[in-house]
Amino acid sequence: MPPKTKGKGRKAGARKKKKNSSPGVEAEAKHRRVLLEKELLQDHLALQREETRRAKASEDRLKQRLQGLAAELERTRSEGKAVYAEMSRQRRALQEELGSRSKLLEEEVRGLREQLGFSVNMPKGG
């Protein structure tokens with residue numbers, strides 16, 4: 001006895017029907033395929049344009065930020081130079097004041113020493 005089949009196989013004599021491929025049907029299919037490819041490429045191009053637009057906008061924002069930071073850096077440098085110049089001026093003024101005060105004190109000390117020298121050299125009770 002031959003093995004039983006569950007009916008999944010092909011029946012004897014049954015064949016696949018071939019499509020009736022006419023040149024018009026093939027051309028229409030090719031035309032549809034070309035249209036789909038064209039649409040796909042257009043979508044891809046639109047996505048690239050959008051990505052380019054976003055990149056350009058991002059670049060512009062970064063350039064503006066860089067310009068702002070450069071201006072801020074320049075202001076900070078300028079302020080630093082101004083502070084340094086003012087501190088240098090104050091230091092020179094203090095040095096001059098200290099020099100003048102030192103000379104005055106030296107003269108005062110000299111005067112006091114002379115007074116002390118005269119009073120030490122003066123005779124007692126006289």
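The model is a predicted one. I will start with the overall picture. The protein chain holds one helix and zero strands. That helix, helix 1, covers residues 23-121. Of the chain's 126 residues, 1% count as buried. The accessible surface of the chain amounts to about 13200 Å², and carbon and sulfur atoms account for 57% of that.

Now the charged pairs. How many salt bridges does a search of the whole structure find? The count is six.

Lys56 pairs with Glu59 in a salt bridge, with an N to O distance of 4.0 Å. Lys56 also forms a salt bridge with Asp60, and here the closest N and O atoms are 3.7 Å apart.

Where do these residues sit along the helix? Glu59 and Lys56 are about one helical turn apart, because three residues separate their positions in helix 1. Asp60 and Lys56 are four residues apart in helix 1, again about one turn.

Glu59 has 36% relative accessibility, so it counts as partly exposed. Asp60, at 34%, is partly exposed too.

Further along helix 1 there is another pair, Glu86 and Arg89. Their side chains meet in a salt bridge, N to O, at 2.6 Å. Glu86 and Arg89 are three residues apart in the helix, so about one helical turn lies between them. On accessibility, Glu86 comes out at 33% and counts as partly exposed. Arg89 has a relative accessible area of 42%, which also makes it partly exposed.

To close, I will restate the main points. The chain has one helix and zero strands, and the whole structure contains six salt bridges. Lys56 has salt bridges to Glu59 and to Asp60, while Glu86 pairs with Arg89.

Terms used
Residues are numbered from 1 along each chain as its sequence is written. This is a predicted model: local features need pLDDT of at least 70, side-chain atom pairs count only at pLDDT 80 or more; totals for chains, interfaces and linings use all residues. Side-chain values use heavy atoms; hydrogens and water are left out. Helices (H or I, at least four residues) and strands (E, at least two) are DSSP runs, numbered from the N terminus. Buried means under 20% relative accessible area, exposed over 50%, partly exposed in between (1.4 Å probe, protein chains only). Accessible areas come from the Shrake-Rupley method with a 1.4 Å probe; for residues, only the protein chains shown count as cover.
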